[in-house]
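Here is a friendly walk through one chain of a predicted model. Please keep the structure open as you read.

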Amino acid sequence: MRRTVPLTISFVAGMIMVIDGWLKIGFINNFATRYLMPSVTISVGWAAGLGALNLIRLHSRNIAQKRLNYQYSFVLLGFFFLMLTCGVFLQGNTTAPFYQFFYSSFQVNLSAAVYSLNSFYLVSACYRTFRARSWESTALLVVACFTMIGSVPMGAAMWGGFPVIQNWIVKVINDAAIRGLSIGVTLGTLSQCVRNLVGIERGHLQAGE
Amino acid sequence: MQGVNVPAGITASLQPFGIYLGVIVTFGVWSMLYRENPFYRICEFAYVGSASAHGLVTTFANTIKPGVLTNIIQNGNYWEIIPICLGCLIYFQPFRTKMWIARYPMAYWVGYNAGYALTMRTAMPLLTQIRQTMLPVIVRTANGISLVDSINNILFSLFVLFTMSYFLFSMNVYTGRYSFLLRVARVIMMVAFGAGFGTGVGTRISLLIGRLDFLFSEWLTLY
């Protein structure tokens, strides 16, 4: 019962979508468009609080048990409730000026700073990567250099051929390899979906085991 | 549900502090370059907290609030209470004895997405990708045959086949006369990863330039 019913729900919901996608059957197409698709958006939206709930639970426990670095949990929960209060309780939307102030001056700047920090680590990654120890790593080294030099105006100023070579590498070799990879990934995804639908793959139903 | 209206004067008076807040968090995050320190950890935890809250606020503003106010109360779509209840079943997940109840919404979402992927989301793009790989071997232009485009098309199709052959597990191409396919495929993929790496470096550098631009123009007003 605890396993058969979820598997049946999975199969029925999936098959309705498959029939809706490939066949023209009026009432199924109508049901899928009017009820099934919005119902997933709605139910997923209402489930979004689970992550927040786990976050609160984990950090409240950190504070209660005075675990290592529990002081930072205060910071996390403080900013979490500050943003939540501004967004949900004070003005109730993301475009309200008070929420926008916190979002644009704090969240956006913090996000940009965190991602810009990566550029410093990329320097050390470049050092480790750009060592020609084999055929393949030499190919990576040469192509990465051409791509970087060819995509900046300075590269074109040094030699007009850099952007042309960069463009050829991206358009022919890079696109072909990515196409090959994505066809493989798509075939894998399709087979995984079939396994999910018919109940061979049950990893998502492990809750409560 | 309309919430409390914060007076515009308060928001306007806070604006200058926004730049200082931005500067503080930028230096806080960059302080990690020296070594792990409390200033960085505070910024890190504040980022996680505010980003989680932002996700929740966005979901509330875009899905939950219009769903309840407009769809259910105004338009009378009471059937939407059923998916709301279904979504709420996931909250049984933290309770050890009632955890099995959380399987129902999960099964629904997985089944829906699996079915959806078997139609327009995955299967149709696959057909499009296969069709776009079948390029003309001889490219004719107004001036005759374009040799460069023809060679590029042949190379493109060959490279796609080589890359796909690398992931062919149903027949043995790892030894014997076809093993050269794997070596070629590996070089092609490394070239692609190199191009991706180069592009990635460019993107990160542009983010760094953006931060420096913020510090020099908006904070120090040097230009």
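## Overall dimensions

Chain B has a radius of gyration of 28 Å, whereas a compact globule of 223 residues would have one near 17 Å. That radius is taken over C-alpha atoms, and the globule rule is 2.2 Å times the number of residues to the power 0.38. Along its principal axes, the C-alpha trace of chain B spans about 70 × 60 × 45 Å.

This is a predicted model, in which local features need pLDDT of at least 70 and side-chain atom pairs count only at pLDDT 80 or more, while totals for chains, interfaces and linings use all residues. Residues are numbered from 1 along each chain as its sequence is written, chains are lettered from A and ligands numbered from 1 in the order in which they are written, and side-chain values use heavy atoms, with hydrogens and water left out.

## Fold and burial

Seven helices and two strands make up the secondary structure of chain B (DSSP runs numbered from the N terminus: helices are H or I with at least four residues, strands E with at least two). Along the sequence their pattern reads α-α-α-α-α-β-β-α-α.

Of the 223 residues in chain B, 40% are buried (under 20% relative accessible area; exposed is over 50%, partly exposed in between, with a 1.4 Å probe and protein chains only). Among contacts (heavy atoms within 4.5 Å) between residues at least 6 apart in the sequence of chain B, 27% join residues at least 24 apart.

## The nonpolar patch

Chain B exposes about 12700 Å², and carbon and sulfur atoms supply 68% of that area (Shrake-Rupley method, 1.4 Å probe; for residues, only the protein chains shown count as cover). A nonpolar surface patch of about 1100 Å² includes B:Phe17, B:Tyr20, B:Phe216 and B:Trp219. Patch residues have over 30% relative accessible area and no salt bridge, and nonpolar side chains (Val, Leu, Ile, Met, Phe, Trp, Tyr) are joined within 5 Å, like charges within 9 Å. A salt bridge is a side-chain nitrogen of Lys or Arg within 4 Å of a carboxyl oxygen of Asp or Glu.

Helices α1 (8–30) and α7 (179–219) of chain B each supply at least two patch residues; α1(B) gives the largest share, four residues. B:Ile24, in helix α1 of chain B, counts as partly exposed because its relative accessibility is 45%.

## A buried leucine

B:Leu126 sits in helix α5 (residues 123–133) of chain B. B:Leu126 is buried because its relative accessible area is 8%. Beyond its neighbours within four places in sequence, B:Leu126 is in contact with A:Ile183, A:Thr186, A:Leu187 and A:Leu190.
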